[in-house]
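Take a look at the ligand site first.

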Amino acid sequence: MRAVDLIEKKRDGGELTPEEIRWLVSSYVAGTVPDYQMAAFLMAVYFRGMSEPETVALTQAMAESGERIDLSSVPGTKVDKHSTGGVGDTVTLVLVPLLAAAGLVVAKLSGRALGHTGGTIDKLEAIPGLRTEFSLPEIRAQAARIGAVVADHTADVVPADRLLYELRDVTGTVPSLPLIASSVLSKKLAGGADAIVLDVKCGDGAFMRTLEDARQLAETLVRVGNRLGKRFAALITAMDEPLGTAAGNALEVRQAIAVLRGEGPDDLRSVTLALGAELLLLAGEAKTAEEGEARLSRLLETGKAWAKFRELVSAQGGDVRAIEEPERLPKAKRVVEVLAPASGYVAELRAHPIGVACGLLGAGREVKGQPVDPGAGVELLAKRGDEVVKGEPLARLHVGREDRVEEARSLVLGAYRIGKERPAARPLVLARIR
Ligand code: URA
């Protein structure tokens, strides 16, 4: 087979066979198909889409590109969650220790920043000393010992996603339903969990902008995932404005710590509890979502989830003092305020420009492998519905890179719309796909 023939077939709207897809994925992982051909193929998929059989074949080819995490020797119910990506979405940092505190086992493979969205591994690495690269026996051992581990996609598990993810990040090919579905599901198939909840983000800061697209992705994920042999459910959650009050790696670690300590932004706490409750339901550990939420809330209030987070950070080599005293976390070189241009209420705060601004300030990458600045990001002092006064700060830019500060400032300013009246509250959970 030749890569160029498969690129042309997809470019012209054809349907690839499972053998063709398997060949392309394995040749790319082996290094015999170069990045530029794979990038052209991804762009063809972006424009032409894939049929469901093609998406299933791509998912399986990716899952089979490496080893699987076998947790059968680890006692307990194994669960996992995955978000399709958002801005300020630091749910994993709260939910993993929370579920482990509830007695479940979570061995989570996470990713780095993708496009304008953040990534759990970049966030965790803002904690000094914290390690995310683990071998499979290490992942298994930590899961058995403390019930929680968050690891970077290892070189051994789904190497195809690791490579494709990096390439998509810098080639404008992230927001494609079959590419997102195969990326998410291949990792979950290769992971050791039996029950998985997917957080399909919807809105300005998500890859799926409309409820219709998000529903199509969520239904595809749950249908294909269940067909491939695991229990999946999905929540579609709002990502019109960022979750919480900050976006950027160390800034988001701080807000995860606040939620784990029983404080923290309400929206982040609510989405975390809704996803956790759905997972308890799916795993047969709660009879209703309300019962699940009540149980998880107690674990936040009693400090058990916080204690588990400290155990997790320590097990992964992180400096526990930096989470106990978050002022020790990395900071940006300087902070610039963005002032309100008028008095009134925040009628809208768009997540996408905030995510792009974070990248420009140094929290994301423009080319593969670029280091990120852990202290960089945007702190949101006013969110939708808040009253603001002309000339007072709306947001703070935490500057890691000096060359794009003005661009970041105008993006953040443009993300806000100030109106005369307080807007009505909007729901955070938009739909449940079971
Ligand atoms: N999350 C993933 O793991 N992959 C994607 O493609 C998008 C979000």
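The paragraphs below cover the ligand, its shell and one loop.

This is a predicted model, in which local features need pLDDT of at least 70, side-chain atom pairs count only at pLDDT 80 or more, and totals for chains, interfaces and linings use all residues. Residues are numbered from 1 along each chain as its sequence is written, and side-chain values use heavy atoms, with hydrogens and water left out.

Start with the shell. H82, S83, T84, L114, Y165, R168, I180, S183, V184 and K187 surround the ligand (each has a heavy atom within 4 Å of it). By class, four are nonpolar, four polar and two charged (Ala, Val, Leu, Ile, Met, Phe, Trp, Tyr, Cys and Pro count as nonpolar, Asp, Glu, Lys and Arg as charged, the others, Gly among them, as polar). Strand 1 (78–83), helix 8 (159–169) and helix 9 (177–190) each give at least two shell residues. Helix 9 supplies the largest share, four residues (helices are DSSP runs of H or I, at least four residues, and strands of E, at least two, numbered from the N terminus).

Now the close atom pairs. A polar side-chain atom of K187 lies 2.6 Å from a ligand oxygen atom. For H82, a polar side-chain atom is 2.8 Å from an oxygen atom of the ligand. S183 places a side-chain N or O atom 2.6 Å from a ligand nitrogen atom. Taken alone, the ligand exposes 230 Å², and the protein buries 97% of that (Shrake-Rupley method, 1.4 Å probe).

Last, the loop between strand 3 (148–152) and helix 8 holds V158. V158 has a positive phi of about 40°, although it is not a glycine. V158 is buried, at 1% relative accessible area (buried means under 20%).

Technical notes: A polar contact is a pair of N or O atoms within 3.5 Å; within protein, one must be able to donate a hydrogen and the other to accept it, and residues adjacent in sequence count only if both atoms are side-chain atoms. Buried means under 20% relative accessible area, exposed over 50%, partly exposed in between (1.4 Å probe, protein chains only).
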